[in-house]
Amino acid sequence: MINIRKSVMLATLMIAGINIVQAQDAKPEDTEVYTPVPKVVSTPELTIAPPSDAIILFDGKNLDQWVMTEDRSKPAAWTVANKVFTVNKKSGNIETKESFGNYQLHLEWRVPANITGKGQGRGNSGLFLASIGKGDAGYELQILDSYKNDTYTNGQAASIYKQFVPLAKPNP
């Protein structure tokens, strides 16, 4: 007599195994989408104070709220100058000291002044949300110079990288 519950579980595991193998064999372009194309939106330059209950993770002066992802006992080793912090690729990723579960996020970024690349090669970075480990684990909120720069829509600025197309495309 065959135990039906075990048979169903085995079949489910076999199907999941096939999907994992297929995902591992996929080429990056297999996950790129080009529609829908978000509408371009412009916003006036506006500076307002953060809400009174906001936790300021970068004040333009230091990275005191950040640590190295590979070794949380080490302070963040990225460069801070002129009220901006800049990725130091040699040092690795950084993450906040504090964990957040339910939050509103306000994010501002600058792209390099003299960009020569195109597509994903123009000021490409990201902010990982719901991280599940070191490195690039979690959902990536794409940071990219998408202005007059065609790339796949699920990889442009404000997308959840290769998961969701943003609702709008910012125009400086």
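Is Lys162 buried or exposed? With 18% relative accessibility, Lys162 counts as buried, where buried means under 20% relative accessible area, exposed means over 50% and partly exposed is in between (1.4 Å probe, protein chains only). A quick word before the views: this is a predicted model, in which local features need pLDDT of at least 70 and side-chain atom pairs count only at pLDDT 80 or more, while totals for chains, interfaces and linings use all residues. Residues are numbered from 1 along each chain as its sequence is written, and side-chain values use heavy atoms, with hydrogens and water left out.

**View 1. The whole chain, with one helix and eight strands.** Helices (H or I, at least four residues) and strands (E, at least two) are DSSP runs, numbered from the N terminus. Along the sequence they come in the pattern α-β-β-β-β-β-β-β-β. Of the 172 residues in the chain, 21% are buried. Take the contacts (heavy atoms within 4.5 Å) between residues at least 6 apart in sequence: 46% of them join residues at least 24 apart.

**View 2. Lys162 and Glu32 in a salt bridge.** A search of the whole structure turns up three salt bridges, each a side-chain nitrogen of Lys or Arg within 4 Å of a carboxyl oxygen of Asp or Glu. In the Lys162 and Glu32 pair, the closest N and O atoms are 3.7 Å apart. This pair links distant parts of the chain, 130 residues apart: Lys162 sits in the loop between β7 (139-143) and β8, and Glu32 in the loop between α1 (4-25) and β1 (39-42).

**View 3. Glu95 paired with Arg72.** Here the closest N and O atoms are 2.2 Å apart. Glu95 is partly exposed at 22% relative accessibility, and Arg72 is partly exposed at 41%.

**View 4. Arg122 meeting Asp145.** The side chains form a salt bridge at 2.9 Å, N to O. Arg122 is in the loop between β5 and β6 (125-129), while Asp145 is in the loop between β7 and β8, so this pair ties together parts that are 23 residues apart in sequence. Arg122 is buried, with a relative accessible area of 14%, and Asp145 is buried at 10%.

**View 5. Lys169, a buried lysine with no salt bridge.** Lys169 lies in strand β8 (residues 168-171). The nearest side chain of opposite charge, Asp150, is 4.5 Å away; Lys and Arg count as positive and Asp and Glu as negative, with His and the chain ends not counted. A polar atom of the Lys169 side chain does lie 3.3 Å from the backbone oxygen of Ser146. Leaving aside neighbours within four places in sequence, Lys169 is in contact with residues including Pro38, Val40, Asn149 and Gln156.

**View 6. Ala137 in the loop between β6 and β7.** Ala137 counts as buried at 19% relative accessibility. Not counting residues up to four places away in sequence, Ala137 touches Phe128, Ser131 and Ile132.

Definitions and conventions. A polar contact is a pair of N or O atoms within 3.5 Å; within protein, one must be able to donate a hydrogen and the other to accept it, and residues adjacent in sequence count only if both atoms are side-chain atoms.
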